[in-house]
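Dear colleague,

I am passing on the structure we spoke about, and I would be glad if you could look through it alongside the notes that come after it.

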Amino acid sequence: METRSLYVHIPFCESICSYCDFCKVYYDQKQSDLYLQRLNEELSQIEQHHLKTIYIGGGTPSALNDEQLEKLMSMLKTYSLEVEEYCMEVNPESMDYYKLKILKKSGINRLSIGVQTFQDHLLKEIDRHHNTTQVKNIIKYAKEIGFDNISIDLMYGLPKQTKEDIEKDIDVLKMLDIQHVSYYSLILEEGTILKYQNYQPLDDEQEYQWNFLIDEKLQELGFDKYEVSNYAKKGYESKHNLVYWHFENYYGVGLGSCGKNNHQIIEHSRSLTKYLNGDFKTITIEQSKEEMMFDQVMMSLRLVEGLNLEVFKERYQEDACVLYKEAVTRNIEKGRLMIENDYLKATQEGQYVLNDILIDFMK
């Protein structure tokens with residue numbers, strides 16, 4: 001399978017959010033300068049051919065200063081010449097008009113802004129350091145500069161958040177000219193501050209009710225749900241993330257990043273010390289055919305379009321409906337799965353109990 005996507009990880013953050021388990025460290029200018037040198041060395045190992053998508057994530061890529069951002073953009077220039085989607089994650093408190101101009105000049109054509117909520121009192125509960133005015137200003141500046149593909153991240157299930165807070169967030173969203181929303185349920189991960197504080201997340205019934213509310217409200221605003229946590233106006237689905245959900249190949253560079261090369265998953269070490277010393281240690285995990293097939297099902301069922309049965313058969317010479325006959329039949333009978341136009345997909349009810357469905361496939 002051809003590899004036409006690249007993920008670049010920038011691990012630096014000006015502050016650490018209480019829910020985050022991504023590979024991150026506090027921003028330090030000297031470390032960041034050295035990190036970019038090492039990143040450039042690692043990038044040189046990748047073939048410069050016909051990349052379709054590049055995604056710069058973190059951490060907080062916008063935590064880099066102006067000079068460092070320009071250097072990063074320069075490093076990636078030869079890889080970005082033919083890309084269809086060139087996206088970077090930014091945080092409102094570390095982004096400004098001049099940085100946006102650097103990104104625009106360098107070919108970035110999609111922004112993913114970490115917002116989480118428009119309720120400033122809730123932002124403090126999760127150790128975020130921006131406010132709603134900053135978010136609105138960044139979107140305004142981005143529009144003035146010429147960005148026309150803007151996504152924001154929102155979350156539900158935050159500490160002290162109410163249903164009314166969700167409705168207020170969507171009311172603010174209604175006033176913004178953006179094209180994509182990622183709306184995630186708070187998941188308590190090991191090693192996070194909220195997990196340490198023994199925060200109790202939403203129960204299943206409340207999560208279902210809030211998720212249903214979000215689906216309904218965003219649909220009214222013209223955002224079509226195309227993945228369990230992602231909504232887009234027509235034509236603005238995330239091309240890079242679709243690579244993951246279609247279980248296609250992608251390169252990963254930088255601390256803690258991950259890549260996929262056919263039957264191999266390549267994971268980077270999370271040791272910044274080793275990385276800065278030039279040790280780009282990776283672990284290659286060889287996947288069996290059975291593991292690959294299950295992962296393909298797991299990722300594809302997250303999509304509203306579902307699993308392309310024809311593509312599955314071409315890749316693995318297996319009929320998914322025969323291979324997983326018991327799981328497919330049981331969940332179709334329960335009204336959780338359906339087959340339509342040669343796609344196996346979750347029904348609306350099935351999207352809310354996807355983990356239960358996947359357990360049947362694991363059996």
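Predicted model: local features only at pLDDT ≥ 70, side-chain atom pairs only at ≥ 80, totals over all residues.

Residues are numbered from 1 along each chain as its sequence is written, and side-chain values use heavy atoms, with hydrogens and water left out.

I begin with Val-115, which is placed in strand β6, covering residues 110-116; strands here are DSSP runs of E with at least two residues, helices are runs of H or I with at least four, and both are numbered from the N terminus. Val-115 counts as buried because its relative accessibility is 0%, where buried means under 20% relative accessible area, exposed means over 50%, and partly exposed lies in between (1.4 Å probe, protein chains only). Leaving aside residues up to four places away in sequence, Val-115 touches Leu-123, Arg-128, His-130, Val-135, Ile-152, Asp-153 and Leu-154, a contact being heavy atoms within 4.5 Å. Between Val-115 and Asn-131 the C-alpha to C-alpha distance is 8.7 Å, with 16 residues separating them in sequence.

Turning to charged pairs, the structure holds 13 salt bridges, each defined as a side-chain nitrogen of Lys or Arg within 4 Å of a carboxyl oxygen of Asp or Glu. One of them joins the side chains of Asp-215 and Lys-225, at 2.9 Å from N to O. Asp-215 belongs to helix α8 (residues 204-220) and Lys-225 to strand β9 (residues 224-227), so this pair ties together parts that are 10 residues apart in sequence. Both Asp-215 and Lys-225 are buried.

Another salt bridge links the side chains of Arg-330 and Glu-326, at 2.8 Å from N to O, and both residues lie in helix α14 (residues 325-333), 4 residues apart, which is about one turn of the helix. Arg-330 is partly exposed, with a relative accessible area of 27%, whereas Glu-326 counts as exposed at 59% relative accessibility.

The side chains of Lys-363 and Asp-360 also meet in a salt bridge, at 3.8 Å from N to O. Lys-363 counts as exposed at 74% relative accessibility, while Asp-360 is buried, with a relative accessible area of 10%. Through salt bridges that share partners, Glu-326, Arg-330, Asp-360 and Lys-363 are joined into one network.
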